[in-house]
Amino acid sequence: MTYDASHIEVLEGLEGVRRRPGMYVGGTDLKALHHLVAEILDNATDEVVAGHANRIDVVLTREGAVSIQDNGRGMPVDFHPRYPDKSALEVILTKLHAGGKFNNKAYTTSGGLNGVGISVVNALSSKTVVIVERDGHCWRQSFSRGVPITALIQEGETRKRGTRVEFFPDRDIFPDVTFHVERILEMCRAKAYLNRGVRIHLSVEETGVLHEFYFPGGVKDYIDQWLADKRFIIEKKFSGMVDQQTEVANPIRLEWAMGWTYEEKGKVLSYCNTIPTLEGGTHESGLRAALLRGMREFAEARTLLPKGITIIADDVMDGLWAIISIFIHEPEFAGQTKERLASTWVTRQVESAVKDHLDHWLHGDVGQATLLVTAIVERAQDRMNRRKDLTQIKRKTATTRLTLPGKLTDCTVGDITQSELFIVEGDSAGGSAKQARNRYNQAVLPLRGKILNVEQANLEKFEKNTEIQSLITAIGTGYGRQFDISTLRYGRIVIMTDADVDGAHIASLLLTFFFRFMAPLIENGHLYLAQPPLYRLTAGSESWYALDDVEKEVLMQTIQKKKGKGGKVVKIDQSRFKGLGEMDPKQLRETTMDPGSRRLLRVFVDDSDLTHGTFNRLMGKKPSERFAFIQEKAPFAEGSLDI
């Protein structure tokens, strides 16, 4: 085949963005959809950071659009010197790498440094409307898929100022254009505590709910609220702020807040120029190094370290819940979606700044600091003891016999890529599952009732809970910091609960446990949800199964068309399963366990921070948070409650 100039394709304007959205927003999934919101919210926040705005209003409209308005300076509307026939607003909306963030004249630090954010949002939206209020006038321009559909129009006079952007994501690009309130709530909350003093309002027109976020104390205020239900080793939080803007070489503004809990697992939220760095980066490395050095030096100075014990970073980070936020000029990120900070010089400056404050904090209250560091030393001792005593759990063989849970009915295959563990609620369903399974590669573990809610339980309750310990032993990997996926006993772990509200609650409790203590199972694709049917439809000698009411109605129509030839009305018997225990083994095997006919959902996490927050709200100790979650979700559950 001839390869010549005719094969070279040139994409004009924003056409390249529409052709390859993954290069700009990471894909076309829900995460990418919400990245559009983040880009516009970043622009509004940049006006706050620059000191020109103190309020942002976000609206999720009934029509499916998102509107974001700030009270900043307002986007420039005068003609652009390079494009004398276009306003600066139109250039910003239709040209990649056009913006006021490539030099220090308009913004010293900002979240959107690439100059692509709003133009990419415009390109991937079926309609975008921009309204600017500045210099006593109101201006409006509309776009569709990156192309202007109106000129910039002056609509009248105003005393206000600011920019409002409203966009409708393009259904031709995104398979699902439904915005999730929880994700946008987290975005707004984060912007509010990262920019102390700003007021952010989120209005959801569908529900009529208005959320307001205001943290005058910044990250310190938020961490007090975020961790209100945690039990701390010491109540005193370590927080501080450093502003090194006077340094000519690498100016930096840094803010942090943190506390140590008795929990085994903690969480670090990190940001650069208000952009969440979900994969961490050099600022987290600097924080980690500062905490390790500070704790080691204090322990050595106070002779708190037993002979042969060394503190490592994991000992310090266990149970640590922290927020670190930095503002720097021209940050380097790994990837367009800015999920990992890569500016190498940041590590040293963060480590130095935090270490100085940590030393003063520890020595300012020696009694409290000693309690904290002693707890860290004890963790180091436990870690070393567990390493000595750790025995890998493997499948039973002729030479190796294990103390496995008595309720576990194991399979015989030794290859974990073929083996499956079904976690079933109750002995009744467990009995049916044991008869329905393939003995060669399917194991069954019945659990008694609802397991412990690990989001609310302390470590002592967790370790004493029989059902939890049975799960841990059967799976074989250990949990938390001692999790070792190389000792996994089953390639698939399937949560199999009744197809009703009670079953959904049990599944939620199990998912909470796996997310909190065995997250690598989810990350590596080992955790699944079975999809047992709720209905059985029978016409003559044939039977069909439906997962829910919607599928049942579709099946009813399909059966009628198939069987009702010549307009004949077909009698269809309907039966509703109250639980898995009501199914005979043949039905359970056919609908839920046989790989040839069953339906499984693989569990995955596409946004760890959002998932963490959702579990905390829904399963945590605060009834008010749970009630608010239910209120937000009520409109989506209308007509689908199973009571």
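pLDDT is the predictor's confidence in each residue, on a scale from 0 to 100. You need that number here, as this is a predicted model: local features are given only where pLDDT is at least 70, side-chain atom pairs count only at pLDDT 80 or more, and totals for chains, interfaces and linings use all residues. Residues are numbered from 1 along each chain as its sequence is written, and side-chain values use heavy atoms, with hydrogens and water left out.

The chain has an average pLDDT of 83, and 84% of the residues score at least 70. Over residues 100-115, though, the pLDDT is below 50, and this stretch has 41 contacts in the model beyond near neighbours in sequence. A contact means heavy atoms within 4.5 Å. Residues 389-401 also stay under 50, and there the model has 23 contacts beyond four places in sequence. Where pLDDT is low, the predicted coordinates should not be read in detail.

**The cores**

Let's go inside. A nonpolar core is a set of buried Ala, Val, Leu, Ile, Met, Phe, Trp, Tyr and Cys residues joined through side-chain atoms within 4.5 Å. Buried means under 20% relative accessible area, exposed means over 50%, and partly exposed is in between (1.4 Å probe, protein chains only). In soluble globular proteins, nonpolar side chains tend to be buried together.

The largest nonpolar core here has 66 residues, and V58, I68, Y193 and I323 are those with the most contacts inside it. Which helix gives the most to this core? That is helix 3 (residues 30-49), with 10 residues. Helices (H or I, at least four residues) and strands (E, at least two) are DSSP runs, numbered from the N terminus. Now pick out I68: leaving aside residues up to four places away in sequence, I68 touches a list that includes V37, I40, L41 and A44. A second, separate core has 41 residues, among them M258, F298, A299 and L362.

**Rings that meet**

A search of the whole structure turns up 14 aromatic pairs. Rings of Phe, Tyr and Trp (its six-membered ring) pair if their centres lie within 6.5 Å; planes under 30 degrees apart count as stacked, over 60 as edge-to-face and the rest as tilted. Here are two of the pairs:

| Pair | Centre to centre | Angle between planes | Type |
|---|---|---|---|
| F167 and F179 | 6.2 Å | 85° | edge-to-face |
| W260 and W361 | 6.3 Å | 25° | stacked |

F167 is in strand 7 (residues 162-169), while F179, 12 residues away, is in the loop between strand 7 and helix 6 (181-194). F167 counts as buried because its relative accessibility is 0%, and F179 is buried too, at 11%. F179 also touches H34, among others; the two are 145 residues apart in sequence, yet their C-alpha atoms are 7.0 Å apart in space.

The other pair joins W260 in strand 11 (residues 252-260) to W361 in helix 10 (residues 345-364), 101 residues apart. W260 is buried at 2% relative accessible area, and W361 counts as buried at 12%.

Ring pairs also link Y193, F215, Y222, W226, Y271 and W321 into a cluster.

**Charged residues**

A charge sits over a ring if NZ of Lys or CZ of Arg is within 6 Å of the ring centre and within 35 degrees of the ring normal. R253 has its charged end over the ring of F327, 4.2 Å from the centre, and R492 does this with Y528, at 5.3 Å.

Is K237 buried or exposed? K237 is buried, since its relative accessible area is 15%. You'll find K237 in the loop between helix 7 (219-226) and strand 10 (238-243). Its contacts, leaving aside neighbours within four places in sequence, include K220, D224 and W361.

**Loops and a helix side**

R145 is not a glycine but has a positive phi of about 50°. R145 lies in the loop between strand 4 (137-144) and strand 5 (147-148) and is partly exposed, at 32%. T274 isn't a glycine either, and its phi is positive at about 70°. T274 sits in the loop between strand 12 (267-272) and strand 13 (275-276), and is buried at 1%.

Last stop: helix 18 (residues 585-593), whose buried residues are Q587, L588, T591, T592 and M593. They lie on the same side of helix 18 because they cover an arc of only 150° around the axis, where the arc is that of the directions from the helix axis to the C-beta atoms.
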